[in-house]
Amino acid sequence: MNRRTVFAMSSAGTASAPDMLLGASYTRVPYVSPIYNWTGFYITVLKVCLIRGLLLLAIGQAWSAGAPSAPQIKQASVNGVTLVYQEQGDGAPVVFIHGCCSDYRAWDAQRQAIAPHYRFIGLNMRYFGTAPWPDDGSKLSHQTNADDIAVFIRGLNAGPVDLVGWSYSGPIVMLVALQHPELVHSLTIHEPASLTYVTDPAIAKIASEDRLAAFGPVIAAAKAGDFAGAARLTPIGANHQPDFWDTTTPEIRTMFLDNARTWTPYLAAPPQPPITCDMLHQIKIPVLITVGADTRSFFHIAAEAAAACIPGVQFVTIPGRHLAIAQQPEAFNAALLQLLGKAGSQPKT
């Protein structure tokens, strides 16, 4: 951004010839040599330039202190594999775990809101993102992901982190909080994709049927090897929005296309470890669960049931649907920042 500063200066003294010609008032003053006048003028200009330079330096330092450095892409060696993550900002670490068929790019709107205040870290789980796979994908599971995340957090050497999950990673971050409570300072989840803690069979049946309606076409496309179709149908089904693919950004489309290959190991993966309501009741850290006001019943039931099991949870309904974190991120970001403040997470100084 170009900045321009205009300085206005005035002086009193002898009238110039143009002043007298224009009829300006004139006061006779003692004669001062031209050499003296020019010396005083140069000194004044030097003072003004010095003051201006100091002001610009102070403004630049203040601006730099308030703006986070550019995001950096880094790698971490975790359980024999290399995980890619994005990092930006300073302060308490806030670790974001993406959902199905996506990667850290899903959190771009959160990065922009969090990085000015905290240390944003968006982690790609094993097999997700654009990096080559370390094997044939056969080790993909909720437990593998939870184990990787725990080791990754320890490797940060920053103490317990504020952990954020969404959709597929909802039960994964729950596992991390349950199995490694010393690593998690607070927990935030937007619409966890799990029903193992839903205790009412009739409600669980409704949610299961809606989940099949959302992802049945995706699974059929993936099994047929149509990964482009699976990429398109995944957010359409999850968001219950037929025009999603045509109206979303090119960046979001690219992210889903890059990660459509994960459907193959996902469909062959073992069931997630059961997380019961009694287990969730043992979580004692600050927890925020959000749900979109217009989300489909599967996600609403899953989010509401999880909130009912966790003591002291903050349950917030935000505008939008399952992809509200990208489409309408303002309310989610505000709720997350409020939780971080209440949890005592230290912002950058």
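Select Tyr-168 to begin: this residue is buried, with a relative accessible area of 6%. Here buried means under 20% relative accessible area, exposed means over 50%, and partly exposed lies in between, with a 1.4 Å probe and protein chains only. The model is predicted, so local features need pLDDT of at least 70 and side-chain atom pairs count only at pLDDT 80 or more, whereas totals for chains, interfaces and linings use all residues. Residues are numbered from 1 along each chain as its sequence is written, and side-chain values use heavy atoms, with hydrogens and water left out.

**The aromatic pairs**

The structure holds 12 aromatic pairs. Rings of Phe, Tyr and Trp (its six-membered ring) pair if their centres lie within 6.5 Å; planes under 30 degrees apart count as stacked, over 60 as edge-to-face, and the rest as tilted. Helices (H or I, at least four residues) and strands (E, at least two) are DSSP runs, numbered from the N terminus. Tyr-266 counts as partly exposed, at 34% relative accessibility.

Next, select Phe-215 and Phe-299, whose ring centres are 6.5 Å apart and whose planes stand at 85 degrees, so this pair is also edge-to-face. Phe-215 belongs to helix α6 (residues 201–223) and Phe-299 to helix α12, 84 residues apart. Phe-215 is buried at 15% relative accessible area, and Phe-299 is buried at 0%.

**The largest pocket**

Which residues lie nearest the centre of the largest pocket? They are Tyr-168, Ala-193, Arg-211, Phe-215 and Tyr-266, out of 30 lining residues. A pocket is found on a 1 Å grid over the protein atoms alone, as an open set of points where a 1.4 Å probe fits, with protein on both sides within 12 Å along at least five of seven lines; lining residues have an atom within 4 Å of a point. Colour α6, α7 (227–239), α10 and α12, the elements that give two or more residues to the lining. Helix α6 gives the most, with five residues.

**The nonpolar core**

Now select Ile-149, Phe-152, Leu-163, Tyr-197 and Leu-280, which have the most contacts inside the largest nonpolar core, a set of 90 residues. Such a core consists of buried Ala, Val, Leu, Ile, Met, Phe, Trp, Tyr and Cys residues joined through side-chain atoms within 4.5 Å. Helix α12 (residues 297–309) gives the most to this core, with nine residues. Focus on Phe-152: leaving aside neighbours within four places in sequence, it is in contact (heavy atoms within 4.5 Å) with Ala-76, Val-78, Tyr-85, Val-95, Ile-121 and Leu-123.

**Arg-119**

Move to Arg-119, in strand β4 (residues 119–123). Is Arg-119 buried or exposed? At 19% relative accessibility, Arg-119 counts as buried. Beyond four places in sequence, its contacts include Glu-87, Asp-90, Pro-93 and Leu-156.

**The whole chain**

Finally, show the whole chain, which has 14 helices and eight strands. Of its 349 residues, 44% count as buried.
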